[in-house]
Structures are given as structure tokens and as C-alpha cells.
Amino acid sequence: MKTLFRTAVTAAALAMATTACTSAATGQAPVPKVTLDAVRLVAYDSCDDMLSGLREHAAENVGPWGFGGPQIMYMEDTAATARAKTTSDTPEHSTTNVHEAGVDEPDLVKTDGNRIVTVVDGTLRVIDTATKKVTASLKLTKKDEPTFAPADLLLSGDRALVLFRGGDIMVKSFAPPGETRYVVVDLAGQPKVLSTIRAQGSYVDARMIGSTVRLVTRSQPDITFPEPKNPDASEADRKKANQDVVRRAPLSAWLPTVEITGGSGAVKKDTVRCERVSHPADYTGTSLLTVHSIDLTQDVAATGTEPISLAADGDTVYGSGTSLYVASNPRWWFPVVTEPMPVEPVPTATDGAAPAVEPTPSDPPVTADPTVTTDPTVTAVPAVTSSAPATPATSEPVPTPTAPPEETEVHRFDISAAGAPSYVASGKVPGRLLNQYSLSEYEGHLRVATTLTSTDGGNSASSVYVLDAATMAKAGEVGGLGKGERIYSVRFIGPVGYVVTFKQVDPLYTLDLRDPAAPKVTGELKITGYSAYLHPGADGRLIGIGQEASDKGRTLGTQVSLFDVSDPAAPRRLSQLFQKESGSEAEWDPHAFLYWPKTGLSVLPLMTPKESGALVLKIDDSAVKKLGMIKHPTHQDKDYTYQPGIQRSIVIGDAVWTLSWDGLQVNDATTLARQAWIPLR
């Protein structure tokens with residue numbers, strides 16, 4: 001059978017499924033100790049040396065069913081605000097909410113102010129923002145391909161890179177051919193495909209600086225494991241047979257390939273060369289990370305992608321202006337013990353729950369447009385609970401797996417020069433990352449925030465480590481954050497760090513990171529609920545998007561908090577907007593959050609069983625105020641009716657553009673009156 005890696009699920013509702021816990025039980029397993037040190041990158045001496053090393057390391061990590069392990073839940077996430085340079089004839093506009101200014105991230109929609117580009121149902125469309133009409137379209141999927149395949153975009157001038165990622169990092173390399181691919185499109189005039197890139201492996205993430213895209217893929221060895229001749233063979237016999245197969249596998253089973261098809265149909269194939277593959281001192285041999293470099297101003301079919309590879313795992317990408325970091329727990333497939341809990345029923349007014357924030361008389365007037373509502377009461381999104389896959393019936397006892405050390409490896413690549421990046425160093429820290437916001441480079445150092453959990457999930461502790469970016473060796477650390485809790489959000493802003501942990505209440509910690517050798521906690525704020533995403537606000541202000549919760553830790557609905565962090569020793573919450581029994585995509589995907597500093601206009605998706613839309617707020621330096629709710633036209637079909645969920649929001653001039661799978665809507669940024677509807681399906 002072909003190597004199958006059990007798929008880990010990225011669940012949109014995960015943020016609400018794993019948020020609350022009861023009090024810790026007695027007899028907890030201790031938090032395991034993990035050493036902290038730099039991990040030396042080593043180049044292979046030759047192709048023979050490379051093959052020998054990969055075979056032996058992979059054989060050590062293969063199991064009776066191939067590579068991989070139990071199903072887990074995985075949450076990704078991302079972003080802060082970056083702004084494109086504008087010209088006198090381009091309307092002022094927002095851009096994708098990204099982690100680092102100047103480092104663009106792939107997203108569902110892109111704009112340069114004059115046009116909006118998006119891909120829905122496999123078709124790229126260009127919308128003119130002046131006429132509010134679709135001016136061009138290009139079908140990018142074939143008849144036999146699913147049109148609902150997710151696609152992200154990067155935009156540079158008149159070139160767009162469309163990333164079809166039907167197989168993400170969890171699906172691995174057994175995704176059907178052509179399902180994962182990257183398409184360069186010329187937008188000057190009628191859109192046309194310039195080249196199509198099919199890189200072996202699965203898409204992890206990408207970053208773009210200027211016109212250069214660094215695209216990270218992850219591949220497994222292309223090894224076919226035999227069906228046992230004896231169906232009653234023990235797991236030990238199965239494992240030994242698989243090890244024998246691994247030790248006979250050719251080097252080509254590991255070396256990733258890339259196929260580039262030009263606009264004329266000519267195909268160019270390439271394989272990563274041995275001298276372009278390195279490895280850490282300790283590695284599994286079960287996967288390779290590959291970084292492709294694509295200059296969108298060049299003919300990619302002619303230049304290629306200049307791939308380089310590292311024998312390592314990777315699931316989290318973070319980019320600064322000069323560095324690209326790829327991080328992973330090397331045994332990331334091992335399940336994390338979580339304790340899902342349903343949303344608590346809404347208390348009555350006498351229960352003391354935080355009330356929803358009503359619009360005040362001073363709020364801007366909102367028209368009676370049927371697509372806009374100012375009703376502050378919304379209904380609940382039921383919590384989603386997860387369960388482990390059923391154990392197949394077997395006469396053999398199932399061995400109890402032993403948890404590997406919970407640690408994260410971080411690999412740094414130098415991307416300051418054109419062309420292929422160069423390896424710099426790797427480091428290792430205890431614990432697991434939450435997402436890319438757990439990483440931040442500042443003045444020659446990398447800050448890393450992790451949670452280290454005991455094997456039974458009963459005990460945990462969080463820390464921030466400071467690594468020297470040149471060597472990835474530890475410079476300093478501060479621990480003891482949220483004992484018995486885990487990190488729910490992180491934000492580093494210059495020399496200051498903010499960490500939110502949660503179990504029953506939400507401690508917001510402020511950290512002083514000015515001295516890399518002696519980082520320290522300077523302040524702490526305990527409130528109910530938690531912030532799943534933190535965003536810089538006005539000077540001395542921090543915006544939190546998350547969930548309100550009872551004093552027992554049960555989630556109650558979306559909350560938006562405004563924190564005063566001007567005094568690091570005494571952070572405090574100035575204002576809270578609470579929408580009971582609701583959820584927002586912005587909690588787990590920061591690309592969904594819009595904050596427009598010029599006016600304080602803020603928009604985030606809001607989802608309930610009864611309606612879906614975009615919550616529109618005004619966030620200034622003192623309060624969070626609700627302006628209204630934008631909703632797209634109800635979709636009516638012969639068999640069903642539904643309210644399209646809004647996924648993204650953009651400010652262009654004096655209007656708010658919102659995107660759903662059904663189309664784009666334009667609303668006045670002040671009155672929220674609907675100005676146009678542009679169907680995309």
C-alpha cells in the first residue's frame with residue numbers, strides 16, 4: 001500500500017472546542033524537562049552519505065502501518081496590518097492583516113486599491129473598485145477537478161500567484177496529482193496563465209517581500225509498504241518488514257521534484273540536488289522541508305524555483321524582512337491531551353454575566369438597509385467537541401504509546417539576498433508553539449513563546465525564550481506563565497511582549513524584553529474569558545479578540561476587549577464588547593480581522609446558527625462601540641436557503657468591501673448603507 005499519513009484536522013471551530021477546563025486533578029504527571037540548546041545544521045558529505053543517513057533515520061521512525069501516528073487536532077493561525085504604498089490616483093485602502101509589515105502573506109483576496117482579485121470556485125476574478133464590476137475572469141481548474149479547492153493569493157504589480165492547496169501540510173504527498181499547485185497569472189489585460197508549478201509534497205505556507213515569494217513545502221519519502229502475506233502478522237513483524245523496505249529505498253524516494261509548465265505548454269522538471277540538502281544533528285528521516293524562491297517579475301518557467309531542502313519537519317512559518325523561520329515539534333503527530341467543553345448556557349440578567357454592549361446615542365446613525373442590523377443580541381454557535389478515532393478491532397493488545405519530548409525545533413534561513421535562501425542555524429526550545437505569532441525577530445534575536453505540557457495533559461507551564469538569531473542558542477528566558485494553563489495568544493511589539501494564558505480566567509502578561517539575557521514579566525491582568533488574537537491599537541492600546549467565559553472557564557460568546565498597556569506594570573481593560581453565544585473566524589485566523597487606524601473602524605466575521613455577517617465596530621483609545629452588522633443577501637436555492645458567511649473585509653476609500661463565497665458587497669463606511677452587490681457564483 002502507498003504511504004498514508006493520518007490526516008490531522010484544522011477545525012474552524014477548534015477555538016471554541018478546546019477552550020475551557022475544570023479544576024486540575026490530583027496526581028498530575030510532572031512537566032517533562034527538555035534541554036535547550038542550538039541544533040547544528042550539517043551538510044551531507046555525498047549522495048551516498050545522504051542516502052545512508054535518511055534510510056537509517058527513517059527506519060528508526062517507521063511503524064507497523066508506515067510513517068505517522070494518531071489523529072490530532074491542529075490549529076493554525078496568523079497576522080497584523082501592512083499597508084501598500086499608494087499613488088495619487090489610487091484610493092486609500094487596507095491590505096491583508098499580516099504579522100510583519102512589508103512581509104505579505106497569502107490570503108483569499110488581495111487589492112491594490114484600484115482592483116480586487118480573488119479566486120472562487122476555481123475561477124480568478126478581477127473587480128474594478130471604481131465601477132464595482134467584474135472586469136475579467138480566468139478559469140484555473142479543469143473539468144475533473146473540484147471547484148471548491150481552497151486557493152490563496154499573492155499579488156505583485158500585474159502578477160498574481162494563486163496557491164491551490166488542496167493538500168495542506170497534514171495531507172502529505174499522497175494528495176491527487178495536480179490538486180496542490182501554484183499558478184502564476186499575468187493580470188495585464190485579459191488574465192492569462194504564465195506558468196504552473198507542481199512541487200512534490202504538501203503546501204506549508206509562503207511569504208512575499210517585494211516581488212519575491214518564498215514557498216515552503218513538506219514531503220514524505222515516496223515509499224510503498226507491502227501488505228503482509230500473513231494477515232495475522234504481529235505489529236513487530238509489520239514494523240520489521242517496513243524497516244527492510246525503507247533500508248532498500250533509493251535516494252529518489254526522498255529527493256523532492258518540481259515540475260514547471262510554461263504558458264506554451266513546455267514542461268521543465270527538476271530535482272533537488274544532494275548538495276542542496278542539509279540536516280540537523282537529530283532528525284527523523286521521515287520528511288523534508290523544501291524552500292522554493294519565485295520572482296514574480298521573471299519567467300518562472302525559465303528561471304526555475306531554486307529549491308533547497310532540509311531533512312526536518314515543519315508546520316509553522318514566520319518571516320521577517322531578512323529571515324525566514326520554519327518551526328516544528330519533530331514528533332508533531334503525537335496527540336496533545338485536551339479537555340473539550342461545551343458552551344455554557346447563557347445566564348439570565350440576575351446571574352451577573354457581562355451584558356452585550358449597546359450602541360450609544362453618540363454612535364453614527366445607521367440606515368434601515370435590510371442588509372444591516374444593529375440588534376446587539378446574537379445567538380449561539382454550539383461548541384464543537386472532538387473525539388479520538390475508534391480503535392480497530394484486533395486480537396492483539398494495543399501498546400500504550402510513549403510520548404516523545406515535547407519540544408520545538410526552529411530553523412532559520414537568510415533571505416536578505418536575491419535567489420535561493422541560505423541556512424543560518426537551528427535551535428530547540430521546550431514546549432509547543434501556538435502559531436506564527438509565538439515567534440518574533442527583533443534586533444538580532446528571536447523570541448519564542450511555548451507551552452510545555454505533561455504527558456497526561458494535567459499540568460502545564462508557559463515560557464518565552466530569547467535566542468540569538470545568528471546561532472539560535474539561548475540568550476535568556478522567562479518562565480512560570482499561567483501554571484496549569486496554556487497559551488491562547490501571543491503578540492510581540494518591539495521590545496514588549498504580551499502573552500494570554502487561559503483555563504478558568506485569562507491572565508494577560510506583559511513582558512519586558514529589552515535585555516535579551518534577562519527578559520521579565522512586568523505586569524499581569526486577570527479577567528474572565530480570553531483573547532485568542534491580539535492586535536496593536538492606538539498608542540498604549542492593545543485589542544483582544546476572543547471569548548468571554550464564566551468564572552468556571554466555560555465560554556459564553558465573542559468578546560472584543562480594549563486594553564490600556566501604556567503602563568507595563570499595570571495593564572487594564574478599558575472597554576469590552578460582548579456578543580453572547582457567538583463565534584468569529586478572527587479568533588483563529590487574523591486575516592479575517594480588519595482594523596483601520598485612521599478612523600478606528602474595525603470589522604470581524606460573526607457567526608451564529610441564525611445568521612452570519614460582519615460585526616462593525618469603532619475602536620478608539622477609550623472604548624469599543626458597535627456600529628452595526630453587515631450581512632450578505634440570503635442565498636436561496638431550490639433545496640435550501642442559507643446566510644453566506646463573511647470571510648474578509650477591506651477598506652477602499654470611504655467604503656467597506658466584504659467577501660463571502662457568494663460575492664462581494666460594498667457598504668458605506670460611515671452609515672453602513674449597502675452600495676453594491678457583486679455576485680461571484
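I began with Thr 510, which stands opposite Gly 523 in strand E32; strands here are DSSP runs of E with at least two residues, helices are runs of H or I with at least four, and both are numbered from the N terminus. I noted that this is a predicted model, in which local features need pLDDT of at least 70 and side-chain atom pairs count only at pLDDT 80 or more, while totals for chains, interfaces and linings use all residues. Residues are numbered from 1 along each chain as its sequence is written, and side-chain values use heavy atoms, with hydrogens and water left out.

**The sheet**

I looked up the pairing of strand E31 (residues 505–512) with E32, and found it antiparallel over 8 bridges; two strands pair if DSSP finds at least two bridges between them. I then found an open sheet of 4 strands, in the order E29-E30-E31-E32, with antiparallel pairing. Strand E29 (486–493) and strand E32 (520–528) each have a single partner strand and stand at the edges, so one side of each lacks a neighbour in the sheet.

**The helix pair**

I next looked up helix H2 (residues 47–61) and helix H3 (residues 235–248), whose axes come within 8 Å and cross at roughly 165 degrees. Axes are lines fitted to C-alpha atoms, for helices over the stretch in contact, and angles run from 0 to 180 degrees between N-to-C directions. H2 and H3 are therefore roughly antiparallel, a term for angles over 145 degrees. For the contact (heavy atoms within 4.5 Å), I listed Arg 55, Glu 56, Ala 58 and Ala 59 from H2, and Gln 243, Val 246, Arg 247 and Arg 248 from H3.

Notes. Parallel < 35°, antiparallel > 145°, perpendicular 65-115°, else oblique.
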